[in-house]
Amino acid sequence: MNCGTIRAVDVPRIRFASTARGKVAFQALGGSKTSFVLVPPLAQHVEMMWEQPVFWRPIQRLASAFHFVQYDKLGTGLSDPSNGAHTLDERLDELRAVLDAAGVER
């Protein structure tokens with residue numbers, strides 16, 4: 001076993017949820033009826049999460065037990081650019097759009 005070898009990983013399709021302020025990039029994977037949604041604390045980049053095993057291994061573990069959803073907030077990652085600070089209501093609108101687009105009902 002070569003501990004320096006990094007195996008290739010299948011990157012889930014990046015999708016986009018529409019909001020009044022722009023499109024939000026997200027990924028959904030895993031087949032469970034129970035959802036786990038990762039709300040990014042600061043900046044995140046869903047595509048780059050698959051470049052390092054330290055990030056994708058936990059995602060794969062979560063997706064083995066849950067319908068796992070992660071997204072880039074507006075102004076970060078692959079989501080549309082955004083100006084200025086955002087209100088809590090605006091951030092909740094982003095989350096709602098992602099939940100709807102990913103088929104998360106509860």
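Student: Which residues make up the largest nonpolar core?
Tutor: This is a predicted model, where local features need pLDDT of at least 70, side-chain atom pairs count only at pLDDT 80 or more, and totals for chains, interfaces and linings use all residues. Residues are numbered from 1 along each chain as its sequence is written, and side-chain values use heavy atoms, leaving out hydrogens and water. The core has 11 residues: Ala-17, Val-24, Phe-26, Val-69, Tyr-71, Leu-74, Leu-95, Ala-97, Val-98, Ala-102 and Val-104.

Student: What makes a set of residues a nonpolar core?
Tutor: Its members are buried Ala, Val, Leu, Ile, Met, Phe, Trp, Tyr and Cys residues joined through side-chain atoms within 4.5 Å; buried means under 20% relative accessible area, and exposed over 50%, with a 1.4 Å probe and protein chains only.

Student: Which element gives the most to this core?
Tutor: Helix α2 does, with four residues. Helices here are DSSP runs of H or I, at least four residues, and strands are runs of E, at least two, numbered from the N terminus.

Student: How do you know that the span of α2 agrees with a helix?
Tutor: The expected span is 1.5 Å times one less than the number of residues. For the 15 residues of α2 (88–102) that gives 21 Å, and the end C-alpha atoms are 21 Å apart, so the two agree.

Student: Which residues of α2 are buried, and why are they said to be on the same side?
Tutor: Glu-94, Leu-95, Ala-97, Val-98 and Ala-102 are buried. They cover an arc of only 155° around the axis, so they are on the same side of α2; the arc is taken from the directions from the helix axis to the C-beta atoms. On the other side, Leu-88, Asp-89 and Asp-100 are exposed.
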